[in-house]
Amino acid sequence: MFALIDANNFYVSCERVFNPKLAHVPMVVLSNNDGCVVARSNEVKALGVKMGTPWFQLRELAETHGIRAFSSNYSLYADMSSRMMNVLAVYSPDQEVYSIDECFLGLAGFGNHDLAAYGQRMRTQVRQWLGLPVCVGFGETKTLAKLANHCAKKNLAGRDGVCDLTQLSQTERSGIFAALPVNEVWGVGRRLTEQLNQRRILTVEDLRTANPETLRKAFSVVLERTVRELNGIACQSLESVAPNKQQIMSSRSFGTYVYDLPGLGEAVAVYMARAAEKLRRQGSLAGIVQVYIRTNPFKDNAPQYHPSLSIPLPEATDDTARLIRAAQWGLKRIYKPGFAYQKAGIALLDLSPQANAQIPLFASTPDRHSLMQVMDRINATFGRGSLRSAAEGMQQSWRMKRERMSPAYTTQWDELPGVG
């Protein structure tokens with residue numbers, strides 16, 4: 001037995017928590033540099049606005065309908081997500097945080113519970129404690145729980161944002177599944193949908209009743225498992241501990257074009273510092289550093305240049321300073337003047353556990369892992385960037401645009417909401 005709890009229009013809902021006047025106002029949240037729509041309120045969805053629509057294309061519509069636009073406030077969303085997951089963790093000892101706005105709960109042994117009422121308790125508590133609206137879906141497998149959550153949002157089964165598929169007969173399920181397009185199944189994307197449609201598998205019910213062995217031969221074992229999960233056979237267990245990443249990447253588009261090497265060097269240093277912090281957080285070392293820069297591929301009349309370089313390290317490390325040096329060494333070798341660079345990025349590859357690190361026989365410098373841990377604690381206490389490498393610069397004029405960002409209501413003392 002599984003539950004899937006998903007926050008509705010999460011980014012938009014987080015913005016509304018601290019500004020109740022926005023409750024029924026059409027809203028969008030924009031991507032980096034205030035470029036494209038990455039979250040929409042129901043009011044904006046009703047106007048036909050699609051995900052990924054560039055903001056500049058919506059100016060006229062926004063003026064007509066009073067659409068409010070906000071820059072992505074990642075610190076606010078991450079903090080609200082953490083609080084939501086902590087609240088939901090009380091409802092089961094088995095929790096898998098699947099994304100920033102949704103999690104699975106394992107409910108083995110909950111068969112005698114009124115799951116619909118249990119789901120309403122979750123919704124009520126999250127709403128009262130955090131101000132976030134959520135929907136809850138229950139099913140015998142993770143795939144069914146995910147589908148039940150979709151039904152809860154669309155009020156296709158159940159009521160008030162909760163759907164318990166376990167209480168429906170197979171005939172009732174089949175009726176609901178027959179009304180849902182196959183792309184509503186977890187893991188069935190656009191390309192796979194087209195291929196399934198060619199085989200006349202158009203709905204969720206068509207997929208549920210398809211032969212799993214045949215689909216395995218034609219597609220993959222993953223799709224076979226999906227079919228079995230739609231039939232109530234659990235093929236996926238909860239991942240209560242997220243596995244370590246096999247690579248760590250950090251990149252951003254610039255707020256304005258960068259032409260010179262010093263500006264690119266600052267950006268690369270900032271991205272590497274963030275990646276190194278994540279590297280230490282999961283207890284890993286990096287053996288290869290990759291750096292890349294690129295011009296704007298959508299600017300047809302401008303010269304294009306998209307180089308990258310991988311740099312093997314003499315020894316695996318989590319030292320921010322060493323990783324920055326390696327990245328900037330690579331940057332100097334791929335940089336060419338005369339181009340308008342739109343983006344830079346880095347990647348940490350060939351990751352290995354820090355606990356298995358071997359000290360080189362002829363090491364000339366002491367291990368700096370403890371120093372890095374101190375730096376992480378200082379930044380966690382006083383805010384990111386309180387202690388940083390000089391290579392990251394001070395002005396950082398290349399930073400992405402966030403001209404419509406709301407305050408960091410929950411993570412910055414000087415931006416806490418006031419009561420008048």
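These legends describe close-up views of a predicted model.

**View 1. Helices H6 and H11 pack against each other.** Helix H6 covers residues 142-154, and helix H11 covers residues 221-230. Their axes lie 7 Å apart, at an angle of about 70°. Angles of 65 to 115 degrees count as roughly perpendicular, so H6 is roughly perpendicular to H11. The crossing of the two helices is right-handed. From H6, the contact uses Lys142, Thr143, Leu144 and Leu147. From H11, Thr226, Glu229 and Leu230 take part. Sorted by class, this contact of H6 with H11 holds three nonpolar, two polar and two charged residues.

**View 2. A salt bridge joins Glu96 and Lys142.** The closest N and O atoms of this pair are 2.7 Å apart. Glu96 belongs to strand S5 (residues 94-99), while Lys142 belongs to helix H6. The two residues are 46 residues apart, so the pair links distant parts of the chain. In total, the model has 14 salt bridges.

**View 3. Helices H4 and H5 cross at roughly 140°.** Helix H4 spans residues 74-88, and helix H5 spans residues 115-130. Their axes come within 10 Å. The angle makes H4 oblique to H5. This crossing of H4 and H5 is right-handed. H4 brings Met80, Arg83, Met84, Val87 and Leu88 to the contact. H5 brings Met122, Gln125, Val126, Trp129 and Leu130. By class, the contact of H4 with H5 has eight nonpolar residues, one polar and one charged.

**View 4. Four strands form an open sheet.** Their order is S9-S12-S10-S11, and the pairing is antiparallel. Which strands sit at the edges? They are S9 (248-258) and S11 (308-317), and each pairs on one side only. On average, neighbouring strands are turned by 15° against each other, direction ignored. Inside the sheet, S10 (residues 284-295) and S12 (residues 341-353) run antiparallel and are joined by 11 bridges. Take Ile293 as one example: its bridge partner in S12 is Ala344.

**View 5. Helices H12 and H13 lie across strands of the sheet.** Helix H12 (residues 261-281) lies across S9, S10, S11 and S12. H12 runs at about 155° to S9. Helix H13 (residues 320-334) lies across S10, S11 and S12. H13 runs at about 155° to S11.

Conventions: Residues are numbered from 1 along each chain as its sequence is written. This is a predicted model: local features need pLDDT of at least 70, side-chain atom pairs count only at pLDDT 80 or more; totals for chains, interfaces and linings use all residues. Side-chain values use heavy atoms; hydrogens and water are left out. Axes are lines fitted to C-alpha atoms, for helices over the stretch in contact, and angles run from 0 to 180 degrees between N-to-C directions. Angles under 35 degrees count as roughly parallel, over 145 as roughly antiparallel, 65 to 115 as roughly perpendicular and the rest as oblique. A crossing is left-handed if the near helix is turned anticlockwise from the far one by less than a right angle, and right-handed if clockwise. Contact means heavy atoms within 4.5 Å. Ala, Val, Leu, Ile, Met, Phe, Trp, Tyr, Cys and Pro count as nonpolar, Asp, Glu, Lys and Arg as charged, and the others, Gly among them, as polar. Two strands pair if DSSP finds at least two bridges between them. A salt bridge is a side-chain nitrogen of Lys or Arg within 4 Å of a carboxyl oxygen of Asp or Glu.
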